[in-house]
Amino acid sequence: MESKYKYLSFLDRQTIEKMYAAGARPIDIAEKIGCHTATVYTELQRGHTGELDANQRPAYSAEIAQKTVQEGFRRR
């Protein structure tokens with residue numbers, strides 16, 4: 001049985017960063033990268049920079065998110 005779950009790649013995270021900074025909605029981002037909307041919301045929290053972006057939303061960094069995930073894998 002094939003799993004329907006997947007880990008986001010760094011390329012997926014860069015797509016999230018670019019689309020979110022351009023003002024895209026999380027539901028549109030999820031559709032583009034092929035994951036659930038909740039995954040995008042979780043990812044936005046994971047990569048939060050502590051600042052606001054130009055749209056006055058919490059800023060997202062693909063690099064921060066990737067680093068957080070890699071640290072999580074190391075702790076397992």
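1. R13 sits in helix α1. Helices here are DSSP runs of H or I with at least four residues, numbered from the N terminus. The model is predicted: local features need pLDDT of at least 70, side-chain atom pairs count only at pLDDT 80 or more, and totals for chains, interfaces and linings use all residues. Residues are numbered from 1 along each chain as its sequence is written, and side-chain values use heavy atoms, with hydrogens and water left out.

2. Is R13 buried or exposed? R13 counts as buried, because its relative accessibility is 3%. The classes are set by relative accessible area: buried is under 20%, exposed is over 50%, and partly exposed is in between (1.4 Å probe, protein chains only).

3. Which residues does R13 touch? Leaving aside neighbours within four places in sequence, R13 is in contact with L8, E43, R46, Y60, A62, A65, Q66 and V69. Contact means heavy atoms within 4.5 Å.

4. R13 and E43 form a salt bridge, with the closest N and O atoms 2.7 Å apart. The pair links distant parts of the chain: R13 is in helix α1 (residues 10–21), E43 is in helix α3, and 30 residues separate them. A salt bridge is a side-chain nitrogen of Lys or Arg within 4 Å of a carboxyl oxygen of Asp or Glu. The side chains of R13 and E43 are also joined by a polar contact of 2.7 Å. That term means a pair of N or O atoms within 3.5 Å; within protein, one must be able to donate a hydrogen and the other to accept it, and residues adjacent in sequence count only if both atoms are side-chain atoms.

5. E43 has another partner. It forms a salt bridge with R46, the closest N and O atoms being 2.6 Å apart. Both E43 and R46 lie in helix α3, three residues apart, about one turn of the helix. E43 counts as buried because its relative accessibility is 1%. R46, at 31%, counts as partly exposed.

6. D28 is partly exposed, at 31% relative accessibility.

7. Now the largest pocket. It holds about 370 Å³ of space. Of its 17 lining residues, the closest to the centre are K6, Y7, L8, T39 and R46. Helices α3 (37–46) and α4 (62–75) are the elements that give two or more residues to the lining. On a 1 Å grid over the protein atoms alone, a pocket is an open set of points where a 1.4 Å probe fits, with protein on both sides within 12 Å along at least five of seven lines; lining residues have an atom within 4 Å of a point.

8. The lining of the largest pocket divides into six nonpolar, five polar and six charged residues.

9. V40 lies in helix α3. V40 counts as buried, at 0% relative accessibility. Not counting residues up to four places away in sequence, V40 touches P26, I29, A30 and C35. V40 and L8 are 32 residues apart in sequence and 9.7 Å apart in space, C-alpha to C-alpha.

Notes
Points joined across faces, edges and corners; volume = space filled by probe spheres on them. Nonpolar A, V, L, I, M, F, W, Y, C, P; charged D, E, K, R; others polar.
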